[in-house]
Amino acid sequence: MEGWDPNTKSTLTQIPLLTMKAGPRDGAAWTQRLKEEYKALIAYTQMNKSNDNDWFRISAANPGGTRWTGKCWYVHNLLKYEFDLQFDIPVTYPSTAPELELPQLDGKTQKMYRGGKICLTVHFKPLWAKNCPRFGIAHALCLGLAPWLAAEVPILVDSGMIKHKDDATTSNES
């Protein structure tokens, strides 16, 4: 955690670490891992809300907990930009981090792969590998998606690649 700003360190230390090294193919162990994932996500969400930093909602889209969907948002220049969020849990999870997808932004930035998968290779993947199996979905959001949104959304807005929903409505009415 050297070189991290104090706020990131503080946030990360408050997200519970996970103990089960289990993936979707591991039956009862995966069920136990999912329970840990939910506890970490609840703790992270509660912490964000108490710090007035609420920025995502996700839930499992299937009973097995292998597909997740939701929304994430970023506030730039006092305007809220909201995006669909989705990802699948890889069969090699937790050794492999999930690939977080923002389909609405597909093709709008170079820091993204086909299908709207955000680029996390250089900074996040080594960190994930070093902390496997202790990191989970909440950690991927905190250390992967949050910094990506903070870096990319302002550039996308300033370059005109994305518009605020109110601006889009106004321009359609003209």
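**Hairpin.** I began with the hairpin of β1 and β2, which has 6 residues between the strands. Gly65 takes a positive phi near 70° there. I note at the outset that this is a predicted model.

β1 and β2 (residues 67-76) run antiparallel to each other and share 5 bridges. I checked two positions along them: Arg57 stands opposite Lys71 in β2, and Ile58 has Gly70 in β2 as its bridge partner.

**Sheet.** Next I wanted the strand order. The sheet is open and has 3 strands, in the order β1-β2-β3, with antiparallel pairing. β1 (56-60) and β3 (79-88) are the edge strands; each has a single partner strand, so one side of each is left without a neighbour in the sheet. From one strand to the next the twist averages 10°.

**Helices on the sheet.** I asked which helices lie against these strands. Helix α2 (residues 28-50) lies across β1 and β2 and runs at about 165° to β1. Helix α4 (residues 137-158) also packs on the sheet and touches β1, β2 and β3. The direction of α4 makes about 45° with that of β2.

**Charge and ring.** I looked for a charged group over an aromatic ring and noted Lys80. The charged end of Lys80 sits over the ring of Trp73, 4.5 Å from the ring centre.

**Core.** I went on to the largest nonpolar core, which has 45 residues. Leu102, Leu141 and Leu145 touch the most other members. Two or more residues come from each of α2, β1, β2, β3, α3 (124-130) and α4. I asked which element gives the largest share. That is α4, with 12 residues. As background, I wrote down that nonpolar side chains tend to be buried together in soluble globular proteins.

I listed the contacts of Leu141, leaving out residues up to four places away in sequence. Leu141 touches Leu41, Tyr44, Trp55, Phe56, Ile58, Leu85, Leu100, Ala146 and Pro147. Ile58 had already come up as the bridge partner of Gly70.

**Aromatic pairs.** I found 9 aromatic pairs in the structure. One of them is Trp30 with Tyr93, an edge-to-face pair at 6.0 Å centre to centre and 90° between the planes. Trp30 lies in helix α2 and Tyr93 in the loop between β3 and β4 (112-113), so this pair ties together parts that are 63 residues apart in sequence.

The next pair I looked up was Phe124 with Trp128. Their ring centres are 5.7 Å apart and their planes stand at 50°, so the pair is tilted. Both residues lie in helix α3, 4 residues apart, about one turn of the helix. Phe124 counts as buried at 3% relative accessibility, and Trp128 is buried with a relative accessible area of 2%.

Finally I asked which residues the ring pairs link into a cluster. Trp30, Tyr93, Phe124, Trp128 and Phe135 are linked in this way.

Note on methods. Residues numbered from 1 in each chain as written. Predicted model: local features only at pLDDT ≥ 70, side-chain atom pairs only at ≥ 80, totals over all residues. Heavy atoms only, no water. Pairing = 2+ DSSP bridges. Axes fitted to C-alpha atoms, helices over the stretch in contact; angles between N-to-C directions. Contact = heavy atoms within 4.5 Å. Core = buried A, V, L, I, M, F, W, Y, C linked by side-chain atoms within 4.5 Å. Buried < 20%, exposed > 50% of the residue type's maximum accessible area, 1.4 Å probe, protein only. Phe/Tyr/Trp six-rings, centres within 6.5 Å; stacked < 30°, edge-to-face > 60°. Lys NZ or Arg CZ within 6 Å of the ring centre and 35° of its normal.
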